[in-house]
Amino acid sequence: MTVVLFKIALLLSFGMFFIPKNIKYIFGLSLHLILIAASTRWAWHVLNHDTLTIALGVTTWSGEITLVIDQLSAYFMLIINLICFCGVLYAGGYLKPYLPKKRSVFISLHLFSLLWLHGAMLLVISIQDGIAFLLAWELMSLFSFILVIFEAQKEATLKTGINYLLQMHLGFALIMLGFLIAANQTGELSFEGVRQFFSHSNNIPLFLVFFAGFGIKAGFIPFHSWLPRAHPAAPSHVSGIMSGVMIKMGIYGIFRISLLLQYDLKAIGIIVLAAGIVSGLLGVIMAIMQHDLKKLLAYHSIENIGIIGIGIGIGLLGKANGSSYLMVLGLGGALLHTLNHALFKSLLFFTAGNVFYSVHKINMDHLGGLAKNMRYTSIAFLIGALAISGIPPFNGFISEFLIYNGILNQMSDSVFSYSILSVVSLLSLVLIGGLCIYCFTKAFGLSFLGSRRQEHSHPVKEVPVIMLVPAFILIGCMLAIGLVPAFFVNQVAGVLQSLTHTTITIEPLLNSLKSISYVNITLIAVLVVIAALRAWQQSSVKVSEGPTWGCGYTAGDFRHQYTPTSYADSLRELADPVIHYKRVYKSFEENEIFPPPKTFHTESKDLVEEKTILSWVHLIVNHLPKAGIAQSGLINHYLIYPLLFLVLIGFLIVLNIL
Amino acid sequence: MLSLILILASAIYFPGVIVKTKAMFSGRKGPGILQPWHDIYRLLKKGSVYSTSSSFVFQIGAPIYLATVIVASLFIPFEENNAIFSFAGDFVFFAYVLGLGRFMLIVSALDVSSGFEGMGANREAFYSMLMEPAFFILLGSLALFTGYSSFHDIFANLHYNSYFSFIIAVIAGYVLANITLVETSRLPVDDPLTHLELTMVHEVMVLDHSGFDLGIIKIANNLKFILFSMLSANCLIPQSLNIWMRMGILLSMQVLFAAGIGWLESFRARNKMAMNAQYILSVNAVALILIFVVMIIKNKI
């Protein structure tokens, strides 16, 4: 029954192109709701009972597609449904200004792709067969490409989209290669084939192929360069869904593969841990240097993927050691952080979208003072910023706490290398946390607080309610995780327990988490008491408003505020090795008596991308024109080429090489 | 509960002792020991002036700052006497909840759109970001040494049956004292008495806070002092003594610590602003040395 509903929703989506413009959105939303209802029912069944196998009734050349939904799929399914629901709800408000401007077919295509992206992600996580998995994976990439280029009339957006599409296909090729290597040995093109391969061959090379393939989707450094381009170009509900759940499909893949590993867990754990540390640290350092709010958030996705990587690495090391408690701390922390990141990152993208919707600007140099006009948006952004910095009483703290506990637990292991690894991971996790606070005080403080840095041509107003509702749904979930962490961690541990077929006791952890809920409640209670005292005090004394204290200087105005550039300046030296940071200005000449107006701006370049990808591309592009000699334009030359080819083949056969 | 009473007791005289010491060294008679608290009491009764450019964030910043420090103080044990909250990994929560207060204070400073306060906020964010690793490495090495990861268990087992613990306790006490100075923005990182806004860190952030808000920020700062000095005292006081002796040592150690800060502030100049990052990193380096010492003691190397 639910399968039929699922298929009907996907089939009906073609109707999108044939209905009037004004009911397209409602139609799309109801189809999404059908998808959500069907898949949530599956996930619920799986979480409460057992793995579900459903025949989809669609046949490819590799046979009929069956959905195999286990606990891991169910867990990701719930995340996808929640974020897609919020994203689609948000789109209702965000797309409104575009409706009169865009042609009907573009709107249809956008909503159609949104639905199919949702459907494709649900398929990706519930298919075990290789070919069908790759098909679903490809669908996901294609439809997200269409979503990214919503504003394709801008050349930059289109270029970004093509860049995205190319990188996704590189990832696709690597994943396919991985499946083919496994199938070549075992004759089975599926995750089962990969498992068999792992049980009798060297695990590391194949894992690395998959890690690179899924890593491109997830955005591990150095495969990250599509993220800071695609997210700012895409409309905000799409960035929210892509950053919230689509990049998590890469994490899903890495998880799936990690669970199949049989040998060399230690080496692989170290590799993933190292990749996580590098992504986490470099991601957040690059984020601080950004001026574009959405680009900053995109770099933070890389950072959070890094934290998830650290969790997976610790978990795998725990598994290698045979310590199931450490495994739960690491892998469980990673799984929970996947959910947490989905929640707060989509919240942040939605609120950044609110800013763009009202101000039509997204560069922090042009924002400022929004908190007075957009109160609810700024509350939502503040909560998102606190949560992403891992600050209690919100959800980000809980997953980081699990990973911290894992690291501390591992530190007391008797082997020296493990202790050193844990010291390094402890240091980097702390630094990531500190830098994250640095970055988000900048992002929130300079775009929402103070006074505005630029006059806007229109009054800035709070966005319509429909764009705020998803934000507050997400905040509700975040608070729930922050206040009752034991419940959620227990669920995650249950998922891990069923996946690894081991019984795991996490009593000490649950006790800690219960104490955390008490402390969080105490924190809120203390705050309420202080706020009440303050309100009582303020009611009995004279409260007035005045200009900001200018330290004796009375002509200060908005231009004297700190800017994003100056805020990031303290970190310039630290960040220079990874992000080439250049100040562009003309200094005063010696005999310049009446200097003309001067400008100053800074530019930054992603050096990791430059060194690992672009330098090769430039090399190839520079040398390719030399091949143009062969293209002479003379027909007799072109006729010689096949002849030369035949002669070459003949030689090779004579020499017994072919 | 005992630790909370001790925190409150030492909070009464701690700021006064600093002021008194400084007055003594500069040849003045100085105000009474309770004068700082009297000033705060007066602030709490005053009216407030809010900047026209500030928003709701400015209003909630100071109360959240105080609330986080109060909650953090519930984690501090006094050796074998349990803190009110204690669980495995509680020092992570301790550090992050202080992070919440810091975050709110930084954004309230950015809310008044003053270049000076922006500068202070930026420095506070930068220095605390650099300082955080030292705290975690320190507690990490204590956790490694004792095999536990909550404040209470760490301090209860630190001096159990090992002479090495005193080496560790001394280095740990030194690192914690430095962390205290950075966290509370005292010399040599920041001079609270400087009158040049360009060179201030913490004080310049709260320039626009007035009345009740300023009062609770000052309360929170004083409490923060005690929290960190309680931690170093916990490292240093041997457990073999009886409870009254230890309480006596603790209270007199706090006096000594406060007098030490007063002495430091009377005779030492503030670091050059650009040197602060190096100074903080050197504290981190000492913390890293500590963890290697612990590894050697634990036969890991």
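Among contacts in chain B between residues at least 6 apart in sequence, 78% link residues at least 24 apart; two residues count as in contact if their C-beta atoms, placed from the backbone, lie within 7 Å. The model is a predicted one: local features need pLDDT of at least 70 and side-chain atom pairs count only at pLDDT 80 or more, while totals for chains, interfaces and linings use all residues. Residues are numbered from 1 along each chain as its sequence is written, and chains are lettered from A and ligands numbered from 1 in the order in which they are written.

Let's stay with chain B for a moment. Its secondary structure comes to eleven helices and one strand, where helices (H or I, at least four residues) and strands (E, at least two) are DSSP runs numbered from the N terminus. In sequence order the pattern reads α-α-β-α-α-α-α-α-α-α-α-α. Some overall values for chain B follow.

| Property of chain B | Value |
|---|---|
| Span of the C-alpha trace along its principal axes | about 60 × 40 × 35 Å |
| Radius of gyration | 19 Å |
| Buried residues | 58% of 301 residues |
| Mean pLDDT | 87 |

The radius of gyration, taken over C-alpha atoms, is set against a globule rule of 2.2 Å times the number of residues to the power 0.38. With 301 residues, a compact globule would come out near 19 Å, so chain B agrees with the rule. A residue is buried if 20 or more other C-beta atoms, placed from the backbone, lie within 10 Å of its own. As for pLDDT, the predictor's confidence in each residue from 0 to 100, 98% of the residues of chain B reach 70 or more. The model scores ipTM 0.94 and pTM 0.93.

Now to the place where the chains meet. Chain A brings 68 residues to the contact and chain B brings 65 residues. Elements of chain A that give two or more residues to this side include α16 (416-448), α19 (507-540) and β3 (543-546). There is a strand pairing here too: β3(A) runs parallel to β1 (residues 48-51) of chain B over four bridges, pairing being called when DSSP finds at least two bridges between two strands. Within β1(B), Tyr50(B) is the bridge partner of Glu545(A).

One residue of chain A is worth a visit. Is Lys345(A) buried or exposed? Lys345(A), in helix α13 (residues 324-359), is buried because 29 other C-beta atoms lie within 10 Å. Residues that Lys345(A) touches, leaving aside those up to four places away in sequence, include Ser243(A), Leu297(A) and Asn304(A). Ile241(A) is 104 residues from Lys345(A) in sequence, with 9.1 Å between their C-alpha atoms.

Note on methods: Buried ≥ 20, exposed ≤ 12 C-beta atoms within 10 Å, placed from the backbone.
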